[in-house]
Amino acid sequence: MSGLGARISGIGYELGEELVGNEVMSSIVEYNVARALGKKIENLSDAERAKRCTSPEWIIKRTGIETRYFADKKTATSDLAARAVLKAVAQSGRRVQDCGFILVATVTPDHLYSPPTASLVQEKVGLLVRDDLGLRDCLVLDAAAACSSFAAALRLGYSLITSGGFNFGMVVGADKMSVTVNFADRAFCVLLGDAAAAVTLEAVPEAENSFWRGSNSFFSWSDGNKGENIIAKVGGSRSPTTPDVFINPFERPDKLQQDGNAVFKDMVRLIPVPNKSSGTIIGAALAKAGVSLKEIDLIFFHQANSRILEVVQEKLEEAGFQGIIFNTINRFGNTTSASIPLGMAVAFEEGVLRKGQKVLTCAFGGGYTAGTALFEWMI
């Protein structure tokens, strides 16, 4: 045993440059539908609009999203991540040069094969990896587990700290989701936004570990049998991109797509009910840690869709939860890997997340994958 614990000592976030309301989002969908049909917008029929297009009212009713942020064409995932990292480091009172690792949780790397996005972030934040004594020990790593990427990276970062390998490092969730969708797919493209959020992790004595149940503060889960429900069917080693996949503009297999009804039914069953620990994510996480739901002050869920969040919140309240479930879905949409740390950063900024509170984070997404963390907020 190393006798070490870890705590989150800084947090920061960055949004895409453009605020996109539902009026603009509806126009984007309309333009792309017309383009896919080979028509001008004014020539779309009423039937085509009803079948393919959307409206602000339609978006609000089905997703709960009012606005989201899109990054401009010159901004990549690493740019969003680097800006968030610098804010988190500044908030921690440490220096970039103190950093021993940068873990970037993302499903939208700057480049498909190489270099890793974390390496680009290392350069952009000015973390030197060579000094007068030669090369320094510095771990940069991309973590990809769909919408659970940040949960996986945070667990890895905790292990790097408590093993004694490093005493200070960065975990950042960052995604430019606006490049992953077909904007003629009204059901899915309206959900997503671009953002990054980062936390600093630093070593503390084991008695001061803010992850107060040690390694049992983390729970991870996966069911690869559900992989088809959220998928980009083309673009990987299973099915490389070829020109013939672009025949139907309404069915872009190189873009993300999901079976929304299936995901909704599965997630509202899998996530919330804590008295069935063998069959639910939160139940299993609390059972592993030996923590009761009533001990938790704040919960940050992955911001997938307001319909999922509403059902989960109702079930948790029925089970006795009396704390706060902090949601940002209406403001930022689904920012995938950034979703949970973005919620934490905004809650801290707005005074909702305060020192001494016990926090549960719960991520879930494609794969299926899921991950939770329990910690006491120490900033």
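Here are a few friendly notes to read alongside the structure, which is a predicted model.

1. **Cysteines.** The structure holds zero of them. Take cysteine 147: its closest cysteine sulfur belongs to cysteine 362 and lies 12 Å away, too far for a bond. For cysteine 189, the closest cysteine sulfur is in cysteine 53, at 10 Å, which is again too far for a bond. To count as a disulfide, the two sulfur atoms would have to be within 2.5 Å.

2. **Where those cysteines sit.** Are cysteine 147 and cysteine 189 buried or exposed? Cysteine 147 has a relative accessible area of 15% and is buried. Cysteine 189 is buried as well, at 1% relative accessibility. Both calls follow because buried means under 20% relative accessible area.

3. **Nonpolar cores.** In soluble globular proteins, nonpolar side chains tend to be buried together. Here the largest nonpolar core has 52 residues. If you want to find it on screen, start from the residues with the most contacts inside it: Met25, Ile271, Phe301, Ile308, Leu316 and Phe364. Helix α9, residues 281–289, brings the largest share of this core, six residues. Another core, of 41 residues, lies apart from it and includes Phe300, Ile340, Val346 and Val359.

4. **Aromatic rings.** The structure holds 10 aromatic pairs. In one of them, phenylalanine 211 and phenylalanine 218 have ring centres 5.3 Å apart and planes at 20°, so this pair is stacked. Both of these phenylalanines are buried. Phe211 and Phe218 also belong to a cluster linked by ring pairs, together with Tyr158, Phe348, Phe375 and Trp377.

5. **The largest cavity.** Which residues line the largest cavity? They are Phe150, Ala151, Leu154, Ile340, Thr361, Thr372 and Ala373. The volume of this cavity is about 30 Å³. Helix α6 (149–162) and strand β16 (369–376) each supply at least two lining residues, and α6 gives the most, with three. By class, the lining has five nonpolar, two polar and no charged residues.

6. **A pocket to look at.** The second largest pocket has a volume of about 150 Å³. Around it you will find Asn32, Arg35, Ala36, Asn182, Ala184, Phe246, Pro249 and Arg252. This lining divides into four nonpolar, two polar and two charged residues.

Terms used
Residues numbered from 1 in each chain as written. Predicted model: local features only at pLDDT ≥ 70, side-chain atom pairs only at ≥ 80, totals over all residues. Heavy atoms only, no water. Buried < 20%, exposed > 50% of the residue type's maximum accessible area, 1.4 Å probe, protein only. Core = buried A, V, L, I, M, F, W, Y, C linked by side-chain atoms within 4.5 Å. Helix = DSSP H or I, 4+ residues; strand = E, 2+ residues; numbered from the N terminus. 1 Å grid on protein atoms, 1.4 Å probe; cavity = no way out; pocket = protein on both sides within 12 Å on 5 of 7 lines; lining within 4 Å. Points joined across faces, edges and corners; volume = space filled by probe spheres on them. Nonpolar A, V, L, I, M, F, W, Y, C, P; charged D, E, K, R; others polar. Phe/Tyr/Trp six-rings, centres within 6.5 Å; stacked < 30°, edge-to-face > 60°.
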